[in-house]
Amino acid sequence: MAMTMNGEVQLAAPREAVWEKLNDPAVLKACIPGCEELEKTDDGGFRATAKMKVGPVSARFKGKVTLSDLDPPNGYKISGEGEGGVAGFAKGGAVVRLAEKDGGTLLAYDVEAQIGGKLAQLGQRLINGTAKKLADEFFANFAKAVQG
C-alpha cells in the first residue's frame, strides 16, 4: 500500500539554525514520535528504533535512515526503511525544502511511503490518518526544538 503526503510549516528561526537541527540526531530523536533510539552510522545515515501504534496494531520498528541530495541550508532527501516483525514493514522518504520567509524559515515536505504486512490490511483511511497525526506531532515537536 502506497501513500503520499505533503505540507509546510513556518518556523520562527533562521534557515541555518533549522538546517542544523534537521541534522542533529538528538533533536530528531526527541521529535520523532515513538523514537527509542537514533544513532549516527559511519555512512552518514542513522540506525533507528521506534515504537508505533496504528489502530489495533502495535509494533517496534528497527531500521535505517539515510540522508541524500544534501543541499545545505536548502534541504535534503531523507529515506528510511523499517521492519516491524509480524506487523509488517514500512519504507519511504521525504524531500524537505527550506526557504526564508517572513523573517523565519518555511519548511516544506513531500512524503512518499509504502507499507506491507498486517499494517497494510488496516485500510487506507486509518493509515493516512495515523501518518498525518505522526507528521503533525513531529513538526510541532520540531518547531518547539528550533524555537528553543
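Which residue takes a positive phi in the hairpin of E2 and E3? Gly 44 does, near 85°, and this hairpin has five residues between the strands. The model is predicted: local features need pLDDT of at least 70, side-chain atom pairs count only at pLDDT 80 or more, and totals for chains, interfaces and linings use all residues. Residues are numbered from 1 along each chain as its sequence is written, and side-chain values use heavy atoms, with hydrogens and water left out.

**Strands and hairpins**

- Helices (H or I, at least four residues) and strands (E, at least two) are DSSP runs, numbered from the N terminus.
- Two strands pair if DSSP finds at least two bridges between them.
- Strand E2 (residues 35–40) and strand E3 (residues 46–54) run antiparallel, joined by five bridges. Here Leu 38 stands opposite Ala 48 in E3.
- E3 also pairs with strand E4 (residues 57–71), in the antiparallel sense, over nine bridges. Lys 53 stands opposite Ser 58 in E4.
- The hairpin of E3 and E4 has two residues between the strands. In its turn, Gly 55 has a positive phi of about 55°.

**Strand E7 and its partners**

- E7 pairs with E6 in the antiparallel sense over 13 bridges. Thr 105 in E7 is the bridge partner of Glu 100.
- Two residues lie between the strands in the hairpin of E6 and E7. There, Asp 102 takes a positive phi near 50°.
- E7 also runs antiparallel to strand E1 (residues 2–11), with ten bridges joining them. Thr 4 stands opposite Glu 112 in E7.
- Ten of the 13 residues of E7 are buried, so E7 is largely enclosed by the rest of the structure. Buried means under 20% relative accessible area, exposed over 50%, and partly exposed in between (1.4 Å probe, protein chains only).

**Helix H1**

- The buried residues of helix H1 (residues 15–22) are Arg 15, Val 18, Trp 19 and Leu 22.
- These residues cover an arc of only 100° around the axis, so they sit on the same side of H1. The arc is that of the directions from the helix axis to the C-beta atoms.

**Aromatic pairs**

- The structure holds four aromatic pairs. Rings of Phe, Tyr and Trp (its six-membered ring) pair if their centres lie within 6.5 Å; planes under 30 degrees apart count as stacked, over 60 as edge-to-face and the rest as tilted.
- Phe 138 and Phe 139 have ring centres 5.0 Å apart and planes at 85°, so this pair is edge-to-face.
- Phe 138 and Phe 142 are stacked, at 5.8 Å centre to centre and 10° between the planes. They are four residues apart in helix H3 (residues 124–146), so about one helical turn separates them.
- Phe 142 is buried, with a relative accessible area of 0%. Phe 138 is buried at 13%, and Phe 139 is buried at 13%.
- Ring pairs link Tyr 109, Phe 138, Phe 139 and Phe 142 into a cluster.

**The largest pocket**

- The largest pocket has a volume of about 190 Å³. On a 1 Å grid over the protein atoms alone, a pocket is an open set of points where a 1.4 Å probe fits, with protein on both sides within 12 Å along at least five of seven lines; lining residues have an atom within 4 Å of a point. Grid points are joined across faces, edges and corners, and a volume is the space filled by probe spheres set on the points.
- Its lining includes Lys 77, Gly 92, Asp 110 and Glu 112. E6 gives the most to the lining, with four residues.
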